[in-house]
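Dear colleague,

Please find below the sequence and structure that I am handing over to you. My notes on what was found follow directly after.

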Amino acid sequence: MDSIFHEKQEGSLCAQHCLNSLLQGPYFTAVDLSVWAEKLDEEERVRMAECGEESEDYRNFLKQPSGNMDDSGFFSIQVISKALQVWGLEIVPYNSADERVKNCDPSKMKAFICNYQSHWFTIRRIGNQWFNLNSLLSKPVLISDTYLSLYLAQLKNEGYSNFVVFGELPTCTADEIIRCNPVVAPTLNSSPSFEEDAELQAALKLSLSQEFESNTGNSEEEELQKALMLSLSCEIYEQKKYKQFLDGQGLYSPDDDVVILTVHNFNKEVMRSPQAWLVEFYNSWCGFCQRFAPSWKALATDVKGWSDLVRVAALDCSVDENAGLCRELEIMAYPTLRYFHENYQPGPQTLGVVVQKGDDVVSHRHFLIQRLVAEQTEGRGTMYPNLLPYIHSDISHLFDSTPVGTQYAFLIIEKPDTYLGAEVALDLHKTPSIVVRHTFSNNTGLLNNYAIGRLPTVMSVDRSNNYQLLASSGSRQEIKTVIANFLQNKHLRVTDESPKQEIFTGKWLDVEVPDMSSLIQERARQALKERIKLMGDVVFQMDLETALRYSLKHEIATVKMITGEKLQVLRDYLNILRKYFPFGRGGQLFLTELAMKASTEQVQGSDLAEVIRRAEQEDSQVFSSPQQWLACRGSSPSYRGYPCGLWKLFHYLTVNSAERNINNNRANPLEILDVMHGYVKNFFGCHDCSQHFQEMAAKREMRNVSSLDSSVLWLWMAHNEVNKRLSGDQTEDPEYPKYQFPLKERCPLCRNNNNTWNLVEVLRYLKHAYSNINVRYIGSDTTILHVGLEGKPAASGSTSIFRAIDMSMCFILYRGYRKKPYVHDLLGKV
C-alpha cells in the first residue's frame, strides 16, 4: 500500500487531509481552503448588505465569526464542496433523495467523504479495492466490498454524515498499481487487534456472533462472518489506539515514562496485574496539576528500573469518557495519588490507597518507598526485595530466605528517616548473586559489634560471614558505585537501569508550566480569536452550556454518593439553575429531572450521570451547542476553559438574580453567592483553589452582602482579586493575560479620573454584559432554546422528557455552518 497517498493527522487540518487523500496528492493547503472560506464569507456579507449596511442585522452579522472556518482549523461542507468543484467533482448526502444515490450499491461508487463533529475523512476506491484513508490511522485500511455498506451504516449510527463523491477523480499511480497487484488482507491469526487487545477481541466476537446468530449453520456465511470480523476489528483497533494517543494524553505524552491510563485500559493494566501501580488522577485544566506534571514525569523516569515491580501512571479525569471511572474511584481532588498493589481485584471498595504527594521527585520517591514498606509489613509486595530494616545485632541472618546462588550481601547502615538502603535495593534488584539490606543507626548492638561510627556505611558480607566495611560519601549513586567496584573485583557486574539522563529535581510548586499551545496557528484560528476579542465582555450560550456540562459531569456526577451538606448544595445549585439558566423547554425539564433525583435522602453520582448522558444525546433537545469553548477557549487545552466558564456562569446568575428580583424586597441577596460558596467548597475539583476561594469569602465578608446589587459587585471584586493574584503566574495563559476588568477602553466611565472604580458605572456595565439580553448564540441552535421559532413542540404524553430534533438541522448547526439567520441570532436576545 506504499503507493497510496495518505496524509496523517497534523493539528486539526483533517479537511485538508480528507481532500488530498481523495485526490491522491498534496493539492490543497490550509491557506487554499481559507481563501475559499473567506470568499464564501464575503458572498454572505454581500447578501446581508442588501438589507442595508446601516441595519442592526447587518452590524450584528459583521460581529459574528466565520461560519465557514473556525479556530480549530475546521472547514465547512460548503468550503469542501467549493474546493471539489475546481476538479469538476460534486458531493451529495448519502441519504438524500437524489436519484443517483437511491438504492445504490455503495461498492459501485467512487468515493465517500465522512464527517463527525470536527473530523473529516475519505473512503475511496483505488484500483478495484476500497480503502479507509482516515488521517488518524497509521496507514490506509483495506475495506472489503461486502463490509463497505455495513461500515457506512455503522458510521451513520455513530452520528457521522456521509457524502457520495460524483465526477471523474484525477488519475493516480496507485490506481494502476493496485489494479495490477491487489492488496492482500491479513489473516485472522496475524491481526494486531486480536493479539494486542483481548477485551476488544471478545467484544467483537460477542457482537458478531449475535449479529450472525441465524447463519451459523452455513459455511459460506461463516466465512463472511470471519471476513467482517477481521475488517471491523482492524478498523476499531486503529480508531481506539489513535483516540487514546490523540485525546487521552492530557498533560502527558507517549514520550514520557508515565503510563497513560484511560477508561479503556485501566482495568486491563491495573487490575490483577503482577506489578503494583502508582496512579496520578488529575484534571488537565487544574493549575496545580500542570505544575505537578514535570515532577511526576521525573519520578517515572527515576524509578523506570523498578517498572517490573511498580508502574507510575496518570489518568486525566477531565476527559469525558474517564469521568465515570473517576467517580467510581471517588476521586474528589486533583491531583490525587493512589497505590494499587499487585494482583489487585476489582470491586466496590477497591479504591486503592492514597499516597501523599511530595514537593519534588525525591520526596515523591520517599513517599512511594514508605508505601512499599507498608505493603511488606501487611504481607504483600513479595515481588519487591526485602525493604524491611535488618533488626539483628550480627550479620549471621543476612542470607536468611535468599536464593541459594546469592554470593554476597550488602548491608547499608544509615540514619533513621532516610531511604538510601531501600532505594539501592530497588535499583539493584535485578543484579544476580547479591542481596541488599539496610539497618538504621538505632540498631546499636550491630553498630557496637562491628565498630561502625561513620554513617552511612556499606558492609559487604559473604556466605562465610566474612565482612568488609566499604567507604561511601553517602549519596544513592555513590553507594551503588562502591558496590559495583566491589563486585567488579569479584568478576561480577551490577545490573542498574537507573536513568542516565538528567531529570527535573525542582519543587513542583515553583515549576514553569510548559507551553501547550497548539502547533497550528493558521489564519482562521487567529481571525476567530480577534473577532471574539472585538466583541468585548459578552456571554456566549456555548460557554455557559459547556461550563454547566462540565460542572454536572465531571464534578457533581463523579461523587459516588451525595449526602448531607453536599446534597443540600446540589439542591440549591439546581434550584438557581432552574430559575436563571438560559435553557429552553427541554433544558428546564432536564434540570427538573436532576432536581427530582436530588430530592431523596441520598443520590448516587452514577444516577445523575445517566440523566446527563441521555440529555447529551442528539435528539434530546437540551443543549443547543456542541461541548466546546468559545470565548473561554485558551491558547491550549490546559488554559482557561472550565475555570473561565464557571466564573462567567456565576456572574450571569448574580446579574439575572438581581434583574429578575428588582421589585422583590424579600429576595435573598446571598441567593447566588451562598450557592457558589457551597459549590466551590463541596464540588470544585481543584482543592487548593477551593481553599483560596473560601478564605477570600471570609476575608471579604461575603456573609455581610445586603443587597442583590451588592452581590453582583462582590463577585466582581472577588474575581478581580483572583485575577490580580494569578497575574503573571505560571498557569496564566500567555495569550490571555489576567487584568482588572472591565478594561478602560470597554467602559470609560467605570474608572474615575484618579483611576479608582466608579461602582455605579461598574454595576451598570456588569448588568449589561451578563444580562440575558446580551447572550450571544453563535454556534447554538436557537430553535432548541425558543420552541416555536422552527419545528413543532414536544408531543404531550411522551415517555421521554425530550423531543426529537431533525438530524439534518443538527448537522448544520453543530458544525458551525451559517444558515439564514434568525432575528434571535442577530440580536443576541431572548
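**Disulfides and cysteines**

Cys686 and Cys689 are joined by a disulfide, with an S to S distance of 2.3 Å; the term is used here for a pair of cysteine sulfur atoms within 2.5 Å. Please note that this is a predicted model, in which local features need pLDDT of at least 70 and side-chain atom pairs count only at pLDDT 80 or more, while totals for chains, interfaces and linings use all residues. Residues are numbered from 1 along each chain as its sequence is written, and side-chain values use heavy atoms, with hydrogens and water left out.

The link of Cys686 and Cys689 is right-handed, because the torsion about its S-S bond is about 60°. Cys686 is buried at 0% relative accessibility, whereas Cys689 is partly exposed at 27%. Here buried means under 20% relative accessible area, exposed means over 50%, and partly exposed lies in between (1.4 Å probe, protein chains only).

The structure holds four disulfides, and with bonded cysteines counted along the chain their pattern is 1-2, 3-4, 5-6, 7-8. Another of them joins Cys747 to Cys750, with an S to S distance of 1.9 Å. A torsion of about 75° about the S-S bond makes the disulfide of Cys747 and Cys750 right-handed. Cys747 is buried, with a relative accessible area of 7%, and Cys750 is buried at 0%.

A disulfide also joins Cys317 to Cys326 (S to S 2.1 Å). The link of Cys317 and Cys326 is left-handed, with -90° about the S-S bond. Cys317 is buried at a relative accessible area of 1%, and Cys326 is buried at 0%.

Cys18 is buried, with a relative accessible area of 2%.

**Nonpolar cores**

The largest nonpolar core has 151 residues, of which Phe266, Phe281, Trp296, Leu570, Tyr573 and Phe590 touch the most other members. Such a core is a set of buried Ala, Val, Leu, Ile, Met, Phe, Trp, Tyr and Cys residues joined through side-chain atoms within 4.5 Å. Helix H22 (residues 642-660) gives the most to this core, namely ten residues. Helices (H or I, at least four residues) and strands (E, at least two) are DSSP runs, numbered from the N terminus.

Leaving out residues up to four places away in sequence, Tyr573 touches Leu548, Ser551, Leu552, Ile556, Leu649, Phe650, Val675 and Tyr679; contact means heavy atoms within 4.5 Å.

**The six-stranded sheet**

An open sheet of six strands has the order E1-E6-E2-E3-E4-E5, with antiparallel pairing; two strands pair if DSSP finds at least two bridges between them. Strands E1 (90-93) and E5 (141-143) stand at the edges with a single partner strand each, so one side of each is left without a neighbour in the sheet. The twist averages 30° from one strand to the next. Strand E4 (residues 129-132) is joined to E5 by three bridges, and Phe131 stands opposite Leu142 in E5.

Helix H1 (residues 14-23) packs on the sheet, touching E2 (111-116), E3 (119-126) and E6 (161-166), and its direction makes about 5° with that of E3. Helix H5 (residues 145-157) lies across E2, E3, E4, E5 and E6, at about 165° to E3. Axes are lines fitted to C-alpha atoms, for helices over the stretch in contact, and angles run from 0 to 180 degrees between N-to-C directions.

**Strand E14**

Strand E14 (residues 457-462) is largely enclosed by the rest of the structure, because six of its six residues are buried. Thr457, Met459 and Val461 are buried on one side, and Val458, Ser460 and Asp462 on the other. Strand E12 (residues 408-414) runs antiparallel to E14 and is joined to it by six bridges, with Ile413 and Thr457 as bridge partners. E14 also pairs with strand E15 (residues 467-470) in the antiparallel sense over four bridges. In the hairpin of E14 and E15, with four residues between the strands, Asn465 takes a positive phi near 65°.

**Confidence**

The protein averages a pLDDT of 80, and 83% of the residues score at least 70; pLDDT is the predictor's confidence in each residue, from 0 to 100. The value stays under 50 over residues 187-248 and over residues 788-830. Where pLDDT is low, the predicted coordinates should not be read in detail.

Kind regards
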